[in-house]
Amino acid sequence: MATFHFDLVSPEKLAFSGEVEQVDIPGAEGDVGVMAGHAPAVVALRPGIMTVTTGGKHEKIIVLGGIAEISEKGLTVLADVATSLAELDREAFAKDIAEMEEKLSEKEGNALDRAIERLDQFKVIQQNITSTAMH
């Protein structure tokens with residue numbers, strides 16, 4: 001299978017750099033599978049789980065927003081936060097969700113709509129983490 005270069009950058013570090021077979025990214029408009037030869041594009045990321053496939057193995061990485069640039073040189077993801085599933089502090093993540101729920105009553109209008117959407121995205125990640133842990 002053809003490979004391409006992939007860089008995953010977060011404010012804290014270069015989280016990944018190397019040749020990969022495929023990267024599935026959680027796009028704001030829907031998930032996007034990137035393989036070698038993909039058409040150039042810029043994709044806004046929503047909070048979700050990114051899957052990196054290399055050597056037939058899948059690594060799951062949680063991203064909490066950002067942007068992905070697909071070019072003839074490969075894929076670069078600039079993530080607001082990027083944490084591998086293995087490194088995730090699940091208790092802290094659950095606490096963040098609980099705090100988001102508590103703060104909903106402080107919001108109204110468009111701010112409430114955006115807060116609910118983000119909360120839903122975090123809950124989907126949590127659900128995927130729970131179901132992934134059971135397999």
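User: How much space lies in the largest pocket?

Analyst: This is a predicted model in which residues are numbered from 1 along each chain as its sequence is written, local features need pLDDT of at least 70, side-chain atom pairs count only at pLDDT 80 or more, and totals for chains, interfaces and linings use all residues. Side-chain values use heavy atoms, with hydrogens and water left out. On a 1 Å grid over the protein atoms alone, a pocket is an open set of points where a 1.4 Å probe fits, with protein on both sides within 12 Å along at least five of seven lines. Its volume is the space filled by probe spheres set on the points, which are joined across faces, edges and corners; for the largest pocket this is about 240 Å³.

User: Which residues of the lining lie nearest the centre of the largest pocket?

Analyst: Lining residues have an atom within 4 Å of a point. The largest pocket has 15 of them, and those nearest its centre are Asp31, Arg46, Gly48, Ile49 and Asn128.

User: Is valine 42 buried or exposed?

Analyst: Buried means under 20% relative accessible area, exposed over 50%, and partly exposed in between (1.4 Å probe, protein chains only). Valine 42 has 58% relative accessibility, so this residue counts as exposed.

User: How far apart in space are isoleucine 67 and glutamate 99?

Analyst: Isoleucine 67 is partly exposed, at a relative accessible area of 37%. In sequence, isoleucine 67 is 32 residues from glutamate 99; in space, C-alpha to C-alpha, the two are apart by 26 Å.
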